[in-house]
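Trainee: I would like to learn how to read a few features of a model. Please show me the structure and take me through it.

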Amino acid sequence: MNPKVILNIPATSANMGPGLDCLGIALDVWNTVKVFDGNSSVDVNGYGEEVLPRDETNLVYKGFAEFFRVIDQAVPPVKLVCENNIKLARGMGSSSAALVGGLYAANSYAGNLKSDYEILNIAASWEGHPDNVAPAIFGGMQICLYDNHELIVSSVEVPDDIMAVLFIPEQPMPTEKARKLLSLEISRSDAIYNISRSALLVQAFTTGDMSKLRYATQDKLHQPARQKLFFPMNNIIRAAMDAGALGAFLSGAGSAILAFCRGREYTVGYEMADAAMKSGIDGDILVTIPSVKGVYEST
Ligand code: HSE
C-alpha cells in the first residue's frame with residue numbers, strides 16, 4: 001500500500017549560544033513520517049524505536065490528533081510510520097520534529113487547510129518556546145519573538161559555505177530538567193552580554209563575515225547553569241574553538257555541542273570527542289550543513 005502522505009522534517013539547533021528561546025537553525029538531518037490509511041497505530045524505526053510509544057501517546061500521533069482537534073473534526077484512522085534520524089534528548093529538536101511532523105501530516109491529509117504560520121502557532125504553543133519549531137517549519141535560521149501573544153518570526157540569511165559539526169554525547173539531557181536549572185531573573189550585565197552577542201550573531205550570518213563568530217556564540221543566560229548537568233560542556237566548546245571552529249555552543253538544551261566551521265570539520269569533531277572522552281563521555285561526531293529548507297512533503 002502506498003502512503004497517502006510523506007513528510008520530511010529537519011533537525012534543528014535552538015539558542016545558537018546567546019539567543020535563548022529566540023534563535024534557531026535547521027540542519028540537514030531528517031526524520032520522515034508516512035501516513036497510511038488503516039487502524040490507528042504508530043510504527044517507529046531508527047532512533048527511539050525501543051522507547052517511543054506506539055499508541056496515541058506518541059508525540060507524532062499527538063500532533064496529528066491535535067490538528068484535527070483544532071479543525072473540530074474526528075481524527076481519521078491512520079497508521080503513522082516514523083523513520084527517526086534525529087537522536088532523542090540531545091538538543092537537536094527531536095520533539096519539535098515529531099510535533100511538526102504530526103501536524104503537517106494531518107494538514108496534508110486533511111487537504112492543506114492551515115498555513116505554515118497557523119501551524120507554527122499551534123506547534124509553538126505546545127512546545128512552550130518557538131526556537132526549534134520555527135526553523136523546523138521554515139528552514140534556515142529563524143528569529144522568533146512574542147509580542148504579547150502574537151508570534152513574530154523572521155528569517156536570517158545563512159551563508160552557503162558553513163558546515164555544522166556536532167558532538168552528540170551518549171548522555172541525553174532531558175529538556176525539562178535543563179530548563180528547570182534556569183533562573184527566572186538575570187542581571188543587567190548578563191542581559192547586555194547576550195543582547196550584544198545575539199546582534200553580532202545575526203550580523204555575522206547576514207554578511208557571511210564569521211571573523212567575530214567566536215564572540216557571537218558566547219552566552220551567559222543558559223549555558224553556565226546547564227553546565228551543572230553536563231560538566232564537560234565548556235571543555236568541549238573550548239576544544240572545538242582551539243581546533244579551528246568559527247563558533248561553538250550547547251545545541252538547544254543539550255547535550256550536543258554544535259560548532260560552525262569553514263574547513264577543519266573532522267579535526268574539530270575529533271577534538272570535541274577527545275575532550276569529552278577525557279571526562280569519560282563517549283559520543284558520536286556528526287558533520288552536516290544548515291538546511292535552508294524546512295518541513296516538506298515528498299511523493
Ligand atoms: N530554547 C529551548 C531551551 C530549546 O533552551 O530550553 C530547547 O527546547
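Trainee: Where is Asn 15 placed?

Mentor: This is a predicted model. In it, Asn 15 belongs to the loop between strand E1 (5-14) and strand E2 (23-37). Asn 15 is not a glycine, yet its phi is positive, about 80°.

Trainee: Which residues surround the ligand?

Mentor: Among them are Leu 20, His 129, Asn 132, Thr 175, Arg 179 and Arg 226. By class, the shell around the ligand has three nonpolar, four polar and four charged residues. The space that the ligand takes is the largest pocket.

Trainee: How many aromatic pairs are there, and how do I describe one?

Mentor: A pair of aromatic rings is described by two values, the distance of the centres and the angle of the planes. Rings pair if their centres lie within 6.5 Å, and by this rule there are six aromatic pairs. In one of them, the ring centres of Phe 64 and Phe 68 are 5.2 Å apart and the planes meet at 50°, so the pair is tilted. Both Phe 64 and Phe 68 are in helix H1 (residues 59-70), separated by four residues, about one turn of the helix.

Trainee: Which peptide bond is cis?

Mentor: Check omega. The bond from Gly 254 to Ser 255 is cis, with omega near 15°. Ser 255 lies in the loop between strand E8 (247-250) and strand E9 (257-261).

Note on methods:
Residues are numbered from 1 along each chain as its sequence is written. This is a predicted model: local features need pLDDT of at least 70, side-chain atom pairs count only at pLDDT 80 or more; totals for chains, interfaces and linings use all residues. Side-chain values use heavy atoms; hydrogens and water are left out. A residue is near a molecule or strand if one of its heavy atoms lies within 4 Å of it. On a 1 Å grid over the protein atoms alone, a cavity is a set of points where a 1.4 Å probe fits but cannot get out, and a pocket is an open set with protein on both sides within 12 Å along at least five of seven lines; lining residues have an atom within 4 Å of a point. A molecule sits in a cavity or pocket if more than half of its atoms lie within 2 Å of its grid points. Ala, Val, Leu, Ile, Met, Phe, Trp, Tyr, Cys and Pro count as nonpolar, Asp, Glu, Lys and Arg as charged, and the others, Gly among them, as polar. Rings of Phe, Tyr and Trp (its six-membered ring) pair if their centres lie within 6.5 Å; planes under 30 degrees apart count as stacked, over 60 as edge-to-face and the rest as tilted. Helices (H or I, at least four residues) and strands (E, at least two) are DSSP runs, numbered from the N terminus.
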